[in-house]
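Here are some notes on the model, for reading alongside the coordinates. Please check each point against your own view.

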Amino acid sequence: MTDQQNSNAVRAARVYLRVSTDEQDLARQESIVAGARAAGFYVAAVYREKASGARPDRPELLRMVEDLQPGEVVIAEKIDRISRLPLPEAELLVATIRGKGARLAVPGIVDLSDLVADSAGVARIVLEAVQDMLLRVALQTARDDYETRRERQREGIEIAKRAGRYTGRKPDLAHHRRIIGLREAGMSIAKTADLAGCSIAQVKRVTALHRAKLATQSDHQMSEQTEAMEASGP
């Protein structure tokens with residue numbers, strides 16, 4: 001392919017947006033989609049996820065990796081949006097993306113990607129080595145940051161417990177009612193997660209809690225009926 005043909009080739013991208021909890025908002029990251037288009041990318045799909053980056057089984061991440069085509073670019077706000085996994089697992093994820101013939105585009109790493117693509121010989125080898133080193137450092141930093149936050153959270157909870165101030169995180173009841181409503185309307189677990197903007201794991205957890213609550217209420221009603229019948233005996 002000539003330089004002119006290469007410059008005119010359509011560059012396809014898949015954008016991955018992630019926050020850790022249902023209480024967080026993806027809106028701030030939505031600008032990445034417009035930014036990708038402004039940079040000349042055709043955005044093949046946008047994957048939105050509310051799940052911890054320390055989980056390897058994120059449905060939207062797995063779907064994105066499955067959808068990847070050779071030559072495409074995965075765009076994310078930061079490397080920790082893609083992964084907060086332990087380094088070996090994070091490197092395996094990156095290797096899987098690269099194995100599909102795609103590459104990552106994140107700040108601090110994408111800066112070298114175009115240089116690598118335009119280089120050859122020894123220069124290319126050196127740039128690839130530098131890029132891999134930066135990626136490794138970024139992945140490890142993302143994991144270290146995750147571990148630090150978790151440790152501070154645990155310390156804060158312990159301090160609050162000792163002071164008698166810890167009550168646990170309050171559930172989002174309105175969100176739970178929406179999940180239950182979708183499930184009772186006949187939606188599948190996956191479709192409910194998509195429509196409710198949450199993880200499949202949360203749909204399963206909320207559904208299980210709701211069914212357990214209904215079972216408890218049913219047992220309580222039966223117990224009351226039995227007691228009433230016994231009280232009004234012959």
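A residue counts as exposed when its relative accessible area is over 50%, and as buried when that area is under 20%. The model is a predicted one.

1. Start with the outward side of helix α2. The face turned away from the buried side of α2 carries two exposed residues, R37 and A38.

2. Now the inward side. Helix α2 covers residues 31-38, and its buried residues are I32, V33 and A36. Viewed down the axis of α2, these buried residues fall within an arc of 105 degrees, so they line one face of the helix.

3. Check the backbone after the helix. G40 follows α2. The phi of G40 is positive, near 95 degrees.

4. Look next at the loop between β1 and α2, where Q29 is placed. Is Q29 buried or exposed? Its relative accessibility is 1%, so Q29 counts as buried. Beyond its neighbours within four places in sequence, Q29 is in contact with L17, R18, V19, E77 and R81.

5. Turn to a helix pair. Two packed helices are described by the angle between their axes and the distance between the axes. For helix α8 (residues 173-184) and helix α9 (residues 189-196), the angle is about 140 degrees and the axes are 9 Å apart. Why is α8 called oblique to α9? An angle over 145 degrees would count as roughly antiparallel, and one of 65 to 115 as roughly perpendicular. The packing angle of about 140 degrees therefore makes α8 oblique to α9.

6. The handedness of this pair is also defined. The crossing of α8 past α9 is right-handed. On the α8 side, H175, R178, I179, L182 and R183 make the contact.

Methods
Residues numbered from 1 in each chain as written. Predicted model: local features only at pLDDT ≥ 70, side-chain atom pairs only at ≥ 80, totals over all residues. Heavy atoms only, no water. Axes fitted to C-alpha atoms, helices over the stretch in contact; angles between N-to-C directions. Helix = DSSP H or I, 4+ residues; strand = E, 2+ residues; numbered from the N terminus. Parallel < 35°, antiparallel > 145°, perpendicular 65-115°, else oblique. Left-handed = near helix turned anticlockwise from the far one by under 90°. Contact = heavy atoms within 4.5 Å. Buried < 20%, exposed > 50% of the residue type's maximum accessible area, 1.4 Å probe, protein only. Arc of directions from axis to C-beta.
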